[in-house]
Amino acid sequence: MIHTANAANVGHIGFLLGGGSSVLLGLHGLAIDALISARVVTANGRIVIASAIENVDLFWALKGAGQYFGIVSEVSVKIFPKTTEIISWACIYGPHQIKEASKALKEVIDAGDQKSFGAAMITLPPTFPGSTMVCNPIFPIETDFNVASL
């Protein structure tokens with residue numbers, strides 16, 4: 001398994017250099033943490049390889065603010081063994097459900113194993129009367145959670 005973007009219109013290198021928050025975040029950290037090496041075209045037109053053993057300063061610069069240090073044309077990344085299944089779903093709660101859904105989500109987060117990942121936001125869509133809560137939890141299957149409480 002490798003980190004991939006959560007949106008179809010994002011290329012892998014841009015996603016990676018931006019940090020790379022994916023469904024593997026709780027299991028393997030950010031996508032940028034999996035960077036092994038990068039082929040970079042520098043400002044003076046040189047093509048160099050940046051890694052932990054070659055052009056080390058550039059390698060760490062890429063890991064911190066990658067898009068500002070040259071054009072990255074190729075990357076090598078760690079591949080993780082498939083050790084677990086990951087499940088995800090999207091939930092949308094209306095105004096009358098936000099308090100209860102927030103409480104259930106807090107319970108899941110507080111009891112979490114630090115491997116789960118997700119996002120929740122309360123928003124006010126222009127065509128919907130009142131606020132809504134959009135929640136996208138992502139769990140490794142080993143995570144013990146109560147689906148009914150969401």
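**S37 and its partners.** I started at S37 and looked for its bridge partner in β2, which turns out to be S51. On the β3 side, S37 stands opposite S76. I'm working on a predicted model, where local features need pLDDT of at least 70, side-chain atom pairs count only at pLDDT 80 or more, and totals for chains, interfaces and linings use all residues. Numbering starts from 1 along each chain as its sequence is written, and side-chain values use heavy atoms, with hydrogens and water left out.

**The sheet.** Next I checked the strand order: it is an open sheet of 3 strands, β2-β1-β3, with antiparallel pairing. The edge strands are β2 and β3, each pairing on one side only. The twist averages 20° from one strand to the next. My notes on terms: strands (E, at least two residues) and helices (H or I, at least four) are DSSP runs numbered from the N terminus, and two strands pair if DSSP finds at least two bridges between them.

I then turned to α3, which lies across β1, β2 and β3 and runs at about 105° to β1. (Axes are lines fitted to C-alpha atoms, for helices over the stretch in contact; angles run from 0 to 180 degrees between N-to-C directions.) Which residues of α3 are buried? They are L58, F59, A61, L62 and K63, buried being under 20% relative accessible area, exposed over 50% and partly exposed in between, with a 1.4 Å probe and protein chains only. Their cover includes α1, β1, β2 and β3.

I looked up V40: leaving aside neighbours within four places in sequence, its contacts (heavy atoms within 4.5 Å) include L58, L62, F69 and V72.

**Aromatics.** I found 1 aromatic pair, the rule being ring centres within 6.5 Å, using the six-membered ring of Trp; planes under 30 degrees apart are stacked, over 60 edge-to-face, the rest tilted. F59 and W60 are edge-to-face, 5.4 Å centre to centre with 75° between the planes. F59 is buried at 3% relative accessible area, while W60 is exposed at 52%.
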